[in-house]
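Keep the sequence and the 3D view side by side as you read.

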Amino acid sequence: MDLKIILLGFLQGLTEFLPVSSSGHLVLSQIFCGIDNASAAYDIVLHIATMLATLLFFCFDIYYLASEWLRGFISDTAKTKEGWHLGWAVIFATFVTGILGIALKPVVEMVMQNSLFVGLGLLLTGVLLITSHFIDEGSGRARPADGFFVGAAQGIAVLPGVSRSGMTILAGCVLGLSKEDAFRLSFLVSIPAICGATLLEALELGGFSAFCAELPHCWFLGALAAFVSGMFALFLLKRLVINAKWWLFGIYCIAVGFTAVVISFMGV
């Protein structure tokens, strides 16, 4: 049991950040492999662990950008700084993601039971990732209006099989951002989205005692595994994005998605 807890944590951290759709892999593993889903409380713990990995990875960016954004309310000069524009981009993205996430919730609940739709989502993710290889590299910095487009990409990615990181990084590249800025914006907008989703999930458990009661034995080992694998995935993805190699994940997504579609049609 302890090994399974650690393995789930490791896979959560790895697939949460790499553009392969962690939710899509979870659904397919449940349908085809009979792997039981983790308890809601443990799922929350793993999301908190991966969120902490994001906060640590971007801690200096968050500090300086947040400082510039706050100074923008008292200084006109600060409003010309990157932090002011990027801060509003994250806020706008969070707003759009929230609206789309709520609107798509019934669709997500239906798709979670259908391997065919998950497979199609992975195929879509794969095709989009491969097309990123043909987008000319930009050099722009994030603008407030970019948040609407990136937020919409993140909102659509609540569908299992559609990669959140893949969609948002691709959106940033299409908008003309540099690869590094597209990568950074992608994960900065993920922080409030993950916080909000985790909070809503926690409220549904019915209190702290109910939360603790659902936690599996040695849950902290799984959380540590999720944190470590999440940090590794962030370092790896940043390197691949900057070196224009992240489109290779598209081949993997197409292979998994195609397999899921074929198996679904065969009725296995």
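Two residues are in contact here when they have heavy atoms within 4.5 Å of each other. Keep in mind that the model is a predicted one.

Start with helix H8 (residues 146–156) and helix H9 (residues 164–174). Which residues of H8 and H9 meet? From H8 come Phe149, Val150, Ala153, Gln154 and Ile156. H9 brings Arg164, Met167, Thr168, Ala171, Gly172 and Val174. Sorted by class, this contact holds 7 nonpolar residues, 3 polar and 1 charged.

Now look at the geometry. Two packed helices are described by the angle between their axes and by how far apart those axes are. For H8 and H9, the axes come within 8 Å and cross at roughly 160°. Angles over 145 degrees count as roughly antiparallel, and H8 and H9 are therefore roughly antiparallel to each other. Their crossing is right-handed.

The model has 1 cavity of 30 Å³ or more. The volume of the largest cavity is about 30 Å³. Its lining is made of Thr125, Leu128, Leu129, Ser163, Gly166, Met167 and Leu170. Two helices, H7 (115–131) and H9, each give two or more residues to this lining. Are the lining residues of the largest cavity charged or not charged? None is charged: 4 are nonpolar and 3 are polar. Met167 lines this cavity, and Met167 also belongs to the contact of H9 with H8.

Ser186, Phe187 and Leu188 of H10 touch Ser190, Ile191 and Pro192 of H11. This contact has 4 nonpolar residues, 2 polar ones and no charged ones.

H10 has another partner. Helix H5 (residues 82–103) and helix H10 (residues 179–188) have axes that come within 10 Å. At what angle do H5 and H10 cross? The angle is roughly 50°. H5 and H10 are therefore oblique to each other. The crossing is right-handed. On the H5 side, the contact is made by Glu82, Leu86, Ala89 and Val90. On the H10 side, Asp181, Arg184, Leu185 and Leu188 take part. Here 5 residues are nonpolar, none is polar and 3 are charged.

Helices H4 (59–71), H5 and H11 (190–203) each give two or more residues to the lining. By class, the lining has 12 nonpolar residues, 2 polar and no charged.

Finish with a single residue. Valine 256 sits in helix H14 (residues 248–266). Which residues does valine 256 touch, leaving aside those up to four places away in sequence? They are Leu28 and Leu122. Now compare the chain with the fold. Valine 256 and valine 118 are 138 residues apart along the chain. Their C-alpha atoms are separated by 10.0 Å.

Terms used. Residues are numbered from 1 along each chain as its sequence is written. This is a predicted model: local features need pLDDT of at least 70, side-chain atom pairs count only at pLDDT 80 or more; totals for chains, interfaces and linings use all residues. Side-chain values use heavy atoms; hydrogens and water are left out. Axes are lines fitted to C-alpha atoms, for helices over the stretch in contact, and angles run from 0 to 180 degrees between N-to-C directions. Helices (H or I, at least four residues) and strands (E, at least two) are DSSP runs, numbered from the N terminus. Angles under 35 degrees count as roughly parallel, over 145 as roughly antiparallel, 65 to 115 as roughly perpendicular and the rest as oblique. A crossing is left-handed if the near helix is turned anticlockwise from the far one by less than a right angle, and right-handed if clockwise. Ala, Val, Leu, Ile, Met, Phe, Trp, Tyr, Cys and Pro count as nonpolar, Asp, Glu, Lys and Arg as charged, and the others, Gly among them, as polar. On a 1 Å grid over the protein atoms alone, a cavity is a set of points where a 1.4 Å probe fits but cannot get out, and a pocket is an open set with protein on both sides within 12 Å along at least five of seven lines; lining residues have an atom within 4 Å of a point. Grid points are joined across faces, edges and corners, and a volume is the space filled by probe spheres set on the points.
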